[in-house]
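Me: I would like to go through some of the terms used for this model and check each against its cut-off. Please start with the pocket.

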Amino acid sequence: MAASDPVVTEVTLRYSDMDALGHLNNAVYATLFEAGRVAYVDGVLQEVTPAGLGYVIVKLTIEFKAEAHYPGVARIETSVVRLGGSSMTFAQTIAIGGRIVATAESVCCLFDLTKRKAARFADPLRQQIAKRGSLHSAG
């Protein structure tokens with residue numbers, strides 16, 4: 001399954017991101033992955049997402065690969081690897097100093113903010129995601 005071209009986001013780590021063991025706190029990884037997803041939505045989908053629709057996360061799986069320490073800059077790469085009827089699956093990596101420290105897979109759903117339920121992806125959204133590269137489409 002091929003991924004779309006990644007959106008790259010860089011975030012400077014803060015001293016307060018560290019835990020008592022002196023490495024990046026596990027909760028901070030979720031926040032960094034969120035920054036990557038938000039950059040993808042803002043940079044790729046914002047202009048073609050109809051008013052009244054947004055994106056909600058329904059699943060996040062993180063695999064920790066290596067310790068990370070302050071100071072540093074987290075490089076987050078975010079790609080869409082699957083597009084369903086109302087959901088998309090992101091594959092993400094965080095690298096610090098050229099070394100991958102975590103990977104994630106997350107599923108986000110297109111969400112109707114008035115009806116408070118999932119909405120189906122219309123063709124303009126599908127086409128915009130497809131412009132970033134090839135991906136697996138289901139539904």
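Reply: By class, seven nonpolar, one polar and three charged residues make up the lining of the largest pocket. The model is predicted, with pLDDT of at least 70 needed for local features and 80 or more for side-chain atom pairs, while totals for chains, interfaces and linings use all residues. Residues are numbered from 1 along each chain as its sequence is written, and side-chain values use heavy atoms, without hydrogens and water.

Me: Which residues line the largest pocket?

Reply: The lining consists of Glu-34, Arg-37, Val-38, Val-41, Asp-42, Gln-46, Tyr-55, Val-56, Ile-57, Phe-90 and Cys-108. Two or more of the lining residues come from each of α1 (26–45) and β2 (53–64). The largest share, five residues, is from α1. A pocket is an open set of points on a 1 Å grid over the protein atoms alone, where a 1.4 Å probe fits, with protein on both sides within 12 Å along at least five of seven lines; lining residues have an atom within 4 Å of a point.

Me: Why is Thr-49 called buried?

Reply: Thr-49 has a relative accessible area of 16%, and buried means under 20%, exposed over 50% and partly exposed in between (1.4 Å probe, protein chains only). Thr-49 is therefore buried. This residue is found in the loop between α1 and β2.

Me: What makes the pair Thr-49 and Tyr-55 a polar contact?

Reply: Their side chains are 2.8 Å apart in a polar contact. The term covers a pair of N or O atoms within 3.5 Å; within protein, one must be able to donate a hydrogen and the other to accept it, and residues adjacent in sequence count only if both atoms are side-chain atoms. A polar side-chain atom of Thr-49 also lies 2.7 Å from the backbone oxygen of Leu-45.

Me: Is Arg-75 buried, or partly exposed?

Reply: Arg-75 has 34% relative accessibility, so it counts as partly exposed. Arg-75 lies in strand β3, and its side chain makes a polar contact with that of Glu-77 (3.2 Å).

Me: What does Arg-75 touch beyond four places in sequence?

Reply: Arg-75 touches Val-8, Thr-9, Glu-10, Thr-93, Ile-94 and Ala-95; contact means heavy atoms within 4.5 Å.

Me: How do you know that β3 and β4 pair?

Reply: Nine bridges join β3 (residues 73–83) to β4, and the two run antiparallel. Two strands pair if DSSP finds at least two bridges between them. Strands themselves are DSSP runs of E, at least two residues, and helices are runs of H or I, at least four, numbered from the N terminus.

Me: How many bridges join β5 to β6?

Reply: Two bridges join β5 to β6 (residues 117–118), in antiparallel fashion, and at least two are required. Phe-111 stands opposite Ala-118 in β6.

Me: What other strands are joined to β5 by bridges?

Reply: β4 is joined to β5 (residues 99–112) by ten bridges, and β2 by eleven, also antiparallel. Ile-57 stands opposite Cys-108 in β5, while Phe-90 stands opposite Ser-106. Ile-57, Phe-90 and Cys-108 are among the lining residues of the largest pocket.

Conventions
Ala, Val, Leu, Ile, Met, Phe, Trp, Tyr, Cys and Pro count as nonpolar, Asp, Glu, Lys and Arg as charged, and the others, Gly among them, as polar.
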